[in-house]
Amino acid sequence: MSLTGGGLSLAVLGGSCVFLALALAVYALVTGVIGAARRDARLQTSARLAAVAVFLAMTAAIFVMEVALLTDDFSVSYVAQHSRIASPTWVKFVTMWAALEGSILLWGWLLSAYTAALAVTAPNTILRPWALAVMQGVQVFFIGVTALAASPFRLLVDPPLDGPGPNPLLQNHWMMAVHPVLMYLGFVGLTVPFAYAMAALITRQPGVTWMTQTRRWTLTGWGFLSAAIVAGGWWSYEVLGWGGFWAWDPVENVSFLPWLTATAFIHSVQVQERRRMLKGWNLLLVTLTFALTILGTFLTRSGVISSVHAFGNGPVGPLFLGFFLLVVLFSFSLVALRWDQVRDRAELDDPVSREGAILLGNILFLAIAFAVLLGTIFPLIVEALTGDKVTVGAPFFDQVSVPVWLIIFLLMGIGPLLPWRKAEEQSLRRNLAWLAGGALAAGLIAFILGMRLVYPLLTVVVAGWNLVSLALLLHGALAPRLRLSDRSALSVFRQYAFESRRRFGSMIVHLAIIVIALGVMGASAYRIDRQMRFQFGEPVAFRGYTLVATDSFRSQTQGRLSTGAVVEVYRNGDKLATLRPRINVFGANQQSAPTPGVYYTPWHDLYLSIAGDVSEGRQSVVLRVVQSPLVAWIWIGGLVLVFGTIWSLLPGRQRVRRRTTNDGTVRA
């Protein structure tokens, strides 16, 4: 079908929107660079307006693509290759980011949205024109790839009557609608601090201004990326049928890499703000973070790695590799050119200080990032040099990263309690005694409860260490206020939480990290995984539960054929749940996608997945039965982390009051 019944087709209309956006982006880039170099306000304004126009053009392209997907217009190449008539509406809608060309289109649209928002809302400083120019340069690349190399709007003269639909694994769970978008919002959001960092180097202003102007942008991108990683873990848990949430898959790894460097950056900016140190370090960190987002995009879209998440072979691999090299060459050359201005004049007074702890934490984050990157690309290097295929599995990543994580958790507890410059010996000893007491108590309780494995026990120890740290931080913030106030403790606490959102939000995030760490520990170290045969009607005991497979079933819904088993779950004679693990087949695609049946509890999940034939007439079914302790804590911790990030981003009451004029109106 075409939009105008034989007139202008959606393919032509969508492609025209992308080319218009590309032309506007090139105009915005050229005008912006000239305007910034000449300090011409009119050209700068024109570039800003062009940024908004690019966003509108890309929005139109997105709208056209969605119309093509929802109306089954198979004359549009992307629709013909990745959609099908029988798919539910929500699957058709999210199919836009289910394959290479659509995902690049979405990336370009989100980038145009960030750029337009920056053009409209960023304060008028010497950095803004150059930062916008950098954003527009990145924008030209992504929109150019969509227009010239990976267009989803190619017109098919002889379109098929139907398409194959998206990858079955991607249409098997609603998280498909959320996880990729969060990931792109995170990756694209981290372009903003990179753009301001480059602007600071270009304008010879490598002080703290670029960081203060991008603090919220950085935290926003980091928050989206964090949420995306946790959401991806849940998608893996709910869809892949193995009962796990993280497999050190190459695509998982490349999303983790920029998170590690961005986390290091978020902490080290405090050192530059307070001590005017680490200027060059922070510039390198934010550059590395952005470069890793591009490297990750190259790895997932070039076909060089195998993964259930990758987009397979695509035409954009060499382009992304070239862009990655260009970014690295440009940014690191700029840092080298300005090195005399970015190198530190101040020195570390004492390693036992807040800045010392942050610097050590930064080094450890980079150490994990290096190990993960090495483990991810090592098979590629070996294959390129020898032609042999090798794999680097989870044991390598676990053995390398777990000890480092434990040290980072120790620093996470003691670091915020240390003063800047140098710690007083008496207060340091007092705080260490409290922390050690909390760690010892937590470890002792875990040992009494039967925990004997070394790393899980150490994880509980550092959790106790950090919980005491958070209590000491709150006590240190609230006790002086309580002494000077006649209000209740709850009232003082609320005032502190609202007035010191950045500080209190960081405490919430650290609490979330502790919860997630405990969840990962429990679900990894104490996971019970069995493959069991169930005769229909006969009870089977498993870890205190009684499981009864009562029947098999076969159901046909819109575009999906499901076969599975009905399993009743009992404990102490009480029926707790009825689970329906199943295998789904979508349309003519012969690739099956499992949907496990999960009984969720706060302390452990009971996870059932089909592991054998469930065809009609059989008297038994083989199930994979998994009990994962504390796995729900990972998802709960993820929600708490998002809440803490949002809390940090909101303006505090003091800031709102400063914006309020005497007549009560509020200035934006």
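Predicted model: local features only at pLDDT ≥ 70, side-chain atom pairs only at ≥ 80, totals over all residues.

Colleague: What makes H2 roughly antiparallel to H5?

Modeller: The axes of helix H2 (residues 41-70) and helix H5 (residues 100-121) come within 8 Å and cross at roughly 150°. Angles over 145 degrees count as roughly antiparallel, and H2 is therefore roughly antiparallel to H5. The crossing of these two helices is left-handed.

Colleague: Which residues make the contact of H2 with H5?

Modeller: From H2 they include Arg-48, Ala-51, Val-52, Phe-55 and Met-58. From H5 they include Leu-105, Gly-108, Trp-109, Ser-112 and Ala-116. By class, the contact has 15 nonpolar, 4 polar and 1 charged residues. Arg counts as charged, and Arg-48 of H2 is among the residues in this contact.

Colleague: Why are H8 and H12 called oblique to each other?

Modeller: Helix H8 (residues 191-202) and helix H12 (residues 317-337) pack at an angle of about 40°, with their axes 9 Å apart. Roughly parallel would require an angle under 35 degrees, and roughly perpendicular one of 65 to 115. The pair is therefore oblique. H8 passes H12 in a left-handed crossing.

Colleague: What meets what between H8 and H12?

Modeller: Phe-194, Met-198, Leu-201 and Ile-202 of H8 meet Val-327, Phe-330, Ser-331, Leu-334 and Val-335 of H12. These residues divide into 8 nonpolar, 1 polar and no charged.

Colleague: What makes H8 oblique to H11?

Modeller: The axes of H8 and helix H11 (residues 279-301) come within 9 Å and cross at roughly 135°. Roughly antiparallel would need an angle over 145 degrees, so H8 is oblique to H11. Here too the term left-handed applies, as H8 passes H11 in such a crossing. Thr-191, Pro-193, Phe-194, Ala-197, Met-198 and Leu-201 of H8 make the contact with Leu-283, Val-286, Thr-287 and Phe-290 of H11. By class, this contact has 8 nonpolar, 2 polar and no charged residues.

Colleague: How do you know that the span of H17 agrees with its number of residues?

Modeller: Helix H17 (residues 454-484) has 31 residues, which at 1.5 Å a residue should span 45 Å. The end C-alpha atoms of H17 are 46 Å apart, and therefore the two values agree.

Colleague: Where does the kink in H17 lie?

Modeller: A kink of about 30° is found at Leu-478, shortly before the proline Pro-480.

Technical notes:
Residues numbered from 1 in each chain as written. Heavy atoms only, no water. Axes fitted to C-alpha atoms, helices over the stretch in contact; angles between N-to-C directions. Helix = DSSP H or I, 4+ residues; strand = E, 2+ residues; numbered from the N terminus. Left-handed = near helix turned anticlockwise from the far one by under 90°. Contact = heavy atoms within 4.5 Å. Expected span 1.5 Å × (residues − 1). Bend = angle between axes of the 7 residues up to and from the residue.
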